[in-house]
Amino acid sequence: AYMRYLKPDLVAPGASVFSAYHDSADGGATYAQLTGSSMACAHVVGAAALLLQAHPTWNHDQVKAALMATARTAGIGTESSPSSQASILARGSGLVSLADAAETPLLFSPPSLTVSQGAAGSSHSLQLVVKDTRETGDSLTYATTISATEGIIVSAPTSVTIGANGTTTLTMAIEIAAGAAPGDQEAELHLMHGQTDVHLPIWVH
């Protein structure tokens, strides 16, 4: 996946987690504060299991899409700069938010967009499928907002209307500035209706 898809997909608590621990010195079971991806992965696996319990008909891709579209993006720093907002390459779609994932009305496919070999001055058109997870209800219209770094312009329809259990396809246009320097650019698409706000990370390299 290197240089082809956005990674990580998301992040989860993994620092100083109070966890079961095997003491190799005496073989006894104990507990310890542990840090690492092993701790974060356990959180995501548990979240996925609970999502499947709440939505037993969902498949792997839908579980992943729900976790990513509802992940929290605000207030996420990095180990080297905890007070600065982490980039998409550091936090993916954000920090897992299980309660929001379980109630999400929309899923994206794919759950993130990537232009892996973008050249300065080039334009790219990407397709994004949006699925409504509701079984019944009126059609809803979601307003779209996009934030992007200075080197790219990302365009999408200003609103999206979708019915219960329906799907629609959006065409996302990405333009890379003629004077863009080599490196990474990022953007975020938000679909909002009332208190609902689901989002999609976009990475351009």
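Trainee: By class, how many nonpolar, polar and charged residues does the lining of the largest pocket have?

Mentor: This is a predicted model, in which local features need pLDDT of at least 70 and side-chain atom pairs count only at pLDDT 80 or more, while totals for chains, interfaces and linings use all residues. Residues are numbered from 1 along each chain as its sequence is written, and side-chain values use heavy atoms, with hydrogens and water left out. Ala, Val, Leu, Ile, Met, Phe, Trp, Tyr, Cys and Pro count as nonpolar, Asp, Glu, Lys and Arg as charged, and the others, Gly among them, as polar. On that scheme, the lining of the largest pocket has 11 nonpolar, 7 polar and 2 charged residues.

Trainee: Which residues of that lining lie nearest the centre of the largest pocket?

Mentor: A pocket here is an open set of points on a 1 Å grid over the protein atoms alone, where a 1.4 Å probe fits and protein stands on both sides within 12 Å along at least five of seven lines, and a lining residue has an atom within 4 Å of a point. Two helices, α1 (37-54) and α3 (88-91), each supply at least two residues of the lining. The lining has 20 residues, and those nearest the centre of the largest pocket are Val11, Ala12, Gly14, Gly77 and Glu79.

Trainee: Which are the edge strands of the open sheet formed by 4 strands?

Mentor: Helices (DSSP runs of H or I, at least four residues) and strands (runs of E, at least two) are numbered from the N terminus, and the protein chain has 4 helices and 11 strands. Pairing on one side only marks the edge strands, β3 and β7 (152-155).

Trainee: Which residue in β5 is the bridge partner of leucine 107?

Mentor: Strand β3 (106-109) is joined by 4 bridges to β5 (residues 123-132), and the two run antiparallel. Within this pair, the residue of β5 that bridges to leucine 107 is lysine 131.

Trainee: Is serine 16 buried or partly exposed, and at what relative accessibility?

Mentor: Serine 16 is placed in the segment before β1, and it has a positive phi of about 55° although it is not a glycine. Asparagine 165, in the loop between β8 (159-162) and β9 (167-176), likewise has a positive phi, of about 60°, without being a glycine. Serine 16 counts as partly exposed because its relative accessibility is 45%.

Trainee: What is the omega of the cis peptide bond that joins serine 109 and proline 110?

Mentor: A cis peptide bond also joins lysine 7 and proline 8, with omega about 5°, and proline 8 is found in the segment before β1 (17-22). Proline 110 has its place in the loop between β3 and β4 (113-115). For the cis bond joining serine 109 to proline 110, omega is about 0°.

Technical notes: Buried means under 20% relative accessible area, exposed over 50%, partly exposed in between (1.4 Å probe, protein chains only). Two strands pair if DSSP finds at least two bridges between them.
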